[in-house]
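Here are some exercises to work through with the model open beside you. Try each task before reading its solution.

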Amino acid sequence: MTTIAFIGLGNMGLPMSKNLLGAGFTVRGFDLAEIAREHFTEAGGKAFTSVAEAVQGADAIITMLPNGGIVKTVYEGADGVFANAKNGALMIDSSTIDVETARAVASAAEAKGFSMVDAPVSGGVGGAAAGTLAFMVGGSDEAFARAKPVLEPMAGKIVHCGPSGNGQAAKACNNMLLAISMIGVSEAFNLGRSLGLEDQVFFDVAANASGQCWSLTSYCPVPGPVPASPANNDYKPGFATALMLKDLRLAMQAAGSTGANTPMGKKAAEIYTAMDEAGHGGVDFSGVIKHLTNSL
Ligand code: NAD
C-alpha cells in the first residue's frame with residue numbers, strides 16, 4: 001500500500017501528512033483552505049482542489065477534520081470519499097468526533113465494500129510533528145491490521161480498542177478523566193495554599209502518595225515542580241481549554257446516549273464551559289487552577 005489521500009491539513013493533519021511523506025508514502029492532499037494546501041505542497045505532497053480528486057486511486061484515505069458533521073459530509077456527500085474512492089480502499093478517520101457518527105460512517109463504509117477505522121489521537125500538535133501520537137483505534141481485526149502500517153510513521157503508540165467507535169469511546173473517556181483529575185489536583189493545591197502549605201511541599205507529598213496522577217506529576221498546574229508544564233509558561237497551551245471542552249462535550253453526549261452516570265464529568269464540563277465563556281478558551285486547561293480562584 002503506497003498511495004494515501006489525506007483530507008484536512010490543519011494544525012494536526014499537516015504535520016501528520018509530513019511524517020507519511022517522510023516514510024516514503026505517496027500522499028495526495030486536500031483541505032478547503034488554500035494556505036493549508038500550499039504548506040502541504042511545500043512539504044512535498046501533491047495537493048488537489050477537491051475530495052473527489054484527492055482520493056482518486058488512493059489505497060488509504062485519512063481524514064483529520066474539525067467535527068462529526070464535517071466528517072459525515074466528507075465521506076457521504078455526493079462529491080465525497082465514498083463516491084470517489086477505489087474499490088476496497090481503507091478509510092481512517094483520525095478526527096475527534098462523537099461515537100455515534102463514527103459508528104454510522106463506518107457502517108456506511110462497510111456497506112459499500114470499504115474497510116474503515118476510527119483512529120483519534122492524543123499527543124497534540126507536538127506529538128503530530130514528532131510522529132509520536134497515541135492512536136486509539138476502533139474497527140474490525142482485518143481493518144486494524146491494514147491500518148497499522150499506515151499509522152506507524154505518525155505514531156508512538158497504537159492501541160486496538162475494539163469494534164467501530166471504540167477508538168472515539170476511549171478518547172472521550174480518557175479526556176473526561178483528565179479534565180476531572182486536573183480540577184482535582186488544582187483544588188488540592190488551592191486548598192493547600194489557603195492552609196499555608198507550600199506548593200513544592202504538597203507536590204513532594206502527593207507525588208509519592210495516593211494522590212499521584214498524570215495531572216500532578218507530568219502536567220502540574222502550579223509553576224515550579226514540573227518545569228515543562230504550561231504553568232511555567234503563563235498557561236500558554238499545551239492543550240487549550242476550548243479543545244478540552246470539545247472533548248468533554250463529546251463525552252457528555254456519549255454519556256447521555258448510553259445513560260451512564262458521570263456526575264464528575266458533568267461538573268468538569270460546567271467548570272470548563274464557565275472558563276471558556278469568561279474568555280479563556282485559549283488558555284491551557286491547567287489554567288483552571290486560576291479560574292477556580294477567579295485569578296485568571
Ligand atoms: P484545524 O482546524 O487546525 O484543522 C482542520 C482542517 O480541516 C482545517 O485546515 C480546515 O480548513 C479543514 N477542513 C474543514 N472542513 C473541511 C472540508 N470539508 N474538507 C477539507 N478540509 C476541511 O484542527 P486540528 O487542530 O488540526 O484538529 C483536527 C482534529 O484533530 C479535530 O477533530 C481535533 O479535535 C483533533 N485533535 C486536535 C488536537 C490538537 O491539539 N490540535 C489534539 C488531538 C486531536
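Two strands pair if DSSP finds at least two bridges between them; strands (E, at least two residues) and helices (H or I, at least four) are DSSP runs, numbered from the N terminus. This is a predicted model, in which local features need pLDDT of at least 70, side-chain atom pairs count only at pLDDT 80 or more, and totals for chains, interfaces and linings use all residues. Residues are numbered from 1 along each chain as its sequence is written, and side-chain values use heavy atoms, with hydrogens and water left out.

**Exercise 1.** Find the pairing partners of strand β8 and say which run parallel or antiparallel to it.

*Solution.* Start with β7 (residues 121–122): 2 bridges join this strand to β8, and the two run antiparallel. Here V121 stands opposite F135. Next take β9 (residues 155–162), which is joined to β8 by 6 bridges and runs parallel to it. In this pairing, L133 has A155 as its bridge partner. Now follow the chain from β8 through helix α8 (residues 141–151) to β9: this β-α-β crossover is right-handed. That is, with the strands pointing away from the viewer, the path from the first strand over the helix to the second runs clockwise.

**Exercise 2.** How many residues of β8 are buried?

*Solution.* Apply the cut-offs: buried means under 20% relative accessible area, exposed over 50%, partly exposed in between (1.4 Å probe, protein chains only). In β8 (residues 133–138), 5 of the 6 residues are buried.

**Exercise 3.** Classify the ring pairs Y75–F82 and F189–F202.

*Solution.* Rings of Phe, Tyr and Trp (its six-membered ring) pair if their centres lie within 6.5 Å; planes under 30 degrees apart count as stacked, over 60 as edge-to-face and the rest as tilted. The structure holds 7 aromatic pairs. For Y75 and F82, the centres are 5.7 Å apart with 50 degrees between the planes, a tilted pair. Y75 counts as buried because its relative accessibility is 0%, and F82 is buried at 10%. For F189 and F202, the centres lie 5.1 Å apart and the planes meet at 90 degrees, so this pair is edge-to-face. F189 belongs to helix α9 (residues 166–194) and F202 to helix α10 (residues 199–206), 13 residues apart.

**Exercise 4.** Which residues form one aromatic cluster?

*Solution.* Look for W214, Y219, F239, Y272 and F285, which together make up one cluster.
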